[in-house]
Amino acid sequence: GTTDGALYISGDCKNDITIDLNGHTIDRKAREAKKYGCVFYMDTYGSLTIMDSSEEKTGKITGGNIVKTNITNYGAGGAFYVDYGTLYLKGGSVTGNKAEYGGAIYCDEKDNAIVYIQDDAKIYGNTATQEGGGIYVYNGYLYIEGGEITDNHAKYGGGVYWNAAGVRRIWENSPITTAISLDQCTFDGNTAGWYGGGIYCESVM
């Protein structure tokens, strides 16, 4: 479904959706910031997989531009707002998206909001006016197992902004010592106006 033009993925059952960009572009074309200016909004117990099977690897997701309008709308997630569900970004580029929080991806404060960055995925050239130029995570789970996060910009956390304040409950109730994992990935050229060009971690512990 759609919410003011965004692709809205919802459902109580575990539907698993795969989108193969195959060299094509999904462009939200939100030239001006909108209340629902993200490209994808996920509110599902299933998953969304983005891949690009083209030889040139030219598929991309772009044009998201979201703004905060009231206390219930955070202006978050230029390309992806993951409220519930699992996002697998395995290929293609997420670029040219804007938000106040999470220029490319915002992972919300839910135990089952999970984001995987894998294989040939690229997150570059996204902007957050506040925090998380590439990715903003709050009490979700982020696993970067490949791919590139480059040339993103924010006031804090140019590449990734990790709000660890929400992880305290996880630490107290399980042996998990972190909900963010990085392996075989590239961070380069991300910038911050204040702190955390690559990664910024906020914690109250």
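This is a predicted model: local features need pLDDT of at least 70, side-chain atom pairs count only at pLDDT 80 or more; totals for chains, interfaces and linings use all residues.
Reader: Let's start with rings. How many aromatic pairs are there?

Author: Two rings pair when their centres lie within 6.5 Å. By that rule the count comes to 14 aromatic pairs. Take Tyr45 and Tyr84: their ring centres are 5.7 Å apart and their planes meet at 45°, so this pair is tilted.

Reader: Which parts of the chain does the pair of Tyr45 and Tyr84 tie together?

Author: Tyr45 belongs to strand E5 (residues 40-51) and Tyr84 to strand E7 (residues 80-89), so the pair ties together parts that are 39 residues apart in sequence. As for solvent, Tyr45 is partly exposed at a relative accessible area of 43%, and Tyr84 is partly exposed too, at 25%.

Reader: And what kind of pair do Tyr136 and Tyr161 form?

Author: That aromatic pair is stacked, with 5.0 Å centre to centre and 5° between the planes. Planes under 30 degrees apart count as stacked. The pair links distant parts of the chain, since Tyr136 sits in strand E13 (residues 135-138) and Tyr161 in strand E16 (residues 160-163), 25 residues apart.

Reader: Are Tyr136 and Tyr161 buried or exposed?

Author: Tyr136 counts as buried at 6% relative accessibility, and Tyr161 is buried at 3%. Both belong to one aromatic cluster, whose members also include Tyr8, Tyr106, Trp194 and Tyr200.

Reader: Where does the charged end of Lys90 sit?

Author: Over the ring of Tyr88, 5.6 Å from the ring's centre.

Reader: Now strands. How many bridges join E13 to E16?

Author: Side chains in a regular strand alternate between the two faces of the sheet. Here, four bridges join E13 to E16, and the two run parallel.

Reader: Which strands form the open sheet, and in what order?

Author: Four strands do, in the order E9-E12-E15-E19, with parallel pairing. E9 (98-101) and E19 (191-195) stand at the edges with a single partner strand each, so one side of each is left without a neighbour in the sheet. On average, neighbouring strands of this sheet are turned by 10° against each other, direction ignored. Inside the sheet, two bridges join E12 (residues 127-131) to E15 (residues 153-156); Thr127, for one, has His153 as its bridge partner in E15.

Reader: Backbone angles next. What is phi of Lys57?

Author: Most residues other than glycine have a negative phi. Lys57 has a positive value, near 55°. You'll find Lys57 in the loop between E5 and strand E6 (60-62), and at 39% relative accessibility Lys57 counts as partly exposed. Asp119 has a positive phi as well, near 55°, but Asp119 is placed in strand E11 (residues 113-124).

Terms used. Residues are numbered from 1 along each chain as its sequence is written. Side-chain values use heavy atoms; hydrogens and water are left out. Rings of Phe, Tyr and Trp (its six-membered ring) pair if their centres lie within 6.5 Å; planes under 30 degrees apart count as stacked, over 60 as edge-to-face and the rest as tilted. Buried means under 20% relative accessible area, exposed over 50%, partly exposed in between (1.4 Å probe, protein chains only). A charge sits over a ring if NZ of Lys or CZ of Arg is within 6 Å of the ring centre and within 35 degrees of the ring normal. Two strands pair if DSSP finds at least two bridges between them. Axes are lines fitted to C-alpha atoms, for helices over the stretch in contact, and angles run from 0 to 180 degrees between N-to-C directions.
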